[in-house]
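Work through the exercises below with the structure open beside you. Each task is followed by a solution in steps.

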Amino acid sequence: MLKNKEDLTGNKQQGRATGDKVRQFFLPPFTIRFFIRIVLIALAAYLFFSYLFLPLRIKGNSMEPTFRSGEINFCWRLRYLFSKPKRQDVVVVRFAGNKVMLLKRVVALEGEVVEFRDGKLFVNERRMEEPYVRYPCNWTLSPRQVEEDCVYVVGDNRNMPIENHYFGQASLKRIMGGPLW
Amino acid sequence: MVKIRYLIIVLLIVVMGISAIFFFSPGEQKKVKKQFALLSEDVSKDPSENTFIMAKKIKGISALFSESCEFEVPGYSLSGIYTREEISAIALRGRAHFSNLDLKFYDFKISFPEKDLAQVNVTGRLIGKSVYGEQVDETRELECLLKKVEKKWLFSQLEVVEVLKR
């Protein structure tokens, strides 16, 4: 009987200790060390999500079916730090800043001649295979050469009149990076 | 320990005070931004908008522009110098095409190259629905010049920057 009582008291003490640990973890005492830790975490998160991985919420259907409206992604800023975008890369193109950006696919590089014939993409007179384009397209665009330090970008969803799709050559300076996945 | 706690509280109060002064002070940048907020408010349209509100908004739009404003908007056959009256007429015609409209501005870069002159690089996004039920979602980068006339910043030049060149 006495032993059982001791067991109960022991369990109670153990439970209290666990509770204290949980409380300590979630509500630690507000010390200078805790304050510094909070500030450092906030600063690291700010730098990480402002300069390395920009959070993106995709709006619109210009990149369907590869990227659908409403999806969440991140723009990996260092993707083109040591290299230039390659053909078929999906890139993030900025406007005045990084609050609203465009998600497009690179179809031609600088110096190349790009053209659409009855919905088919031609680069330097060569028909390009585009497995990512799943919807029908009937675009026709006369040949044009991509200027220096630019890439030609188009969305994957071309199932709309050509006038309603925002595409063209973008300066490499405007390429912010690529989507993380 | 208690001293440190008081020190942190005092520090927080000081930071909040400085932020409040900065937030409520009417700096020139803030005044310029406010003109964009007013433009956004007056261009935006609600499906339940009545004639009285429409007239008020059109008047509001023309009041944001200087006596003459230069537009360079390729693709919308809008280029040249327009008077306030012409801008009002364009705004009236443009808004009539839509049952609802929402104009927002992002990523302001404001500089003051000369006294009483503000140069603004900004992203504008227009979302709406035409009277025929067609969805509109257009984003463009804009380069604007605003002149300070009688303590008011007025749009005097508006140009659409070509981000993707066909």
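**Exercise 1.** State how much space lies in the second largest pocket of this predicted model, and sort the pocket's lining by class.

*Solution.* Step 1: the volume of the second largest pocket is about 170 Å³. Step 2: list the lining, which consists of A:G119, A:K120, A:L121, A:R127, A:M128, A:E129, A:E130, A:V133, A:Y135, A:P136 and A:C137. Step 3: sort these residues into six nonpolar, one polar and four charged.

**Exercise 2.** Describe the interface of chain B and chain A by its contacts, its buried area and its polar pairs.

*Solution.* Step 1: count the residues in contact, 19 in chain B and 27 in chain A. Step 2: the two chains bury about 2200 Å² between them, and 59% of this area is on carbon and sulfur atoms. Step 3: on the chain B side, B:V163, B:L164 and B:R166 lose the most area to chain A, together 36% of what that side buries. Step 4: 13 residue pairs are in polar contact across the interface, both residues being at pLDDT 80 or more.

**Exercise 3.** How many salt bridges does the rule find across the interface of chain B and chain A?

*Solution.* Step 1: the rule finds two. Step 2: one salt bridge joins the side chains of B:E141 and A:R174, at 2.7 Å from N to O. Step 3: the cut-off is 4 Å, so this pair qualifies.

Terms used. Residues numbered from 1 in each chain as written. Chains lettered and ligands numbered in written order. Predicted model: local features only at pLDDT ≥ 70, side-chain atom pairs only at ≥ 80, totals over all residues. Heavy atoms only, no water. 1 Å grid on protein atoms, 1.4 Å probe; cavity = no way out; pocket = protein on both sides within 12 Å on 5 of 7 lines; lining within 4 Å. Points joined across faces, edges and corners; volume = space filled by probe spheres on them. Nonpolar A, V, L, I, M, F, W, Y, C, P; charged D, E, K, R; others polar. Contact = heavy atoms within 4.5 Å. Buried area = accessible area lost by both parts, 1.4 Å probe. Polar contact = N/O pair within 3.5 Å; in protein donor to acceptor, adjacent residues only side chain to side chain.
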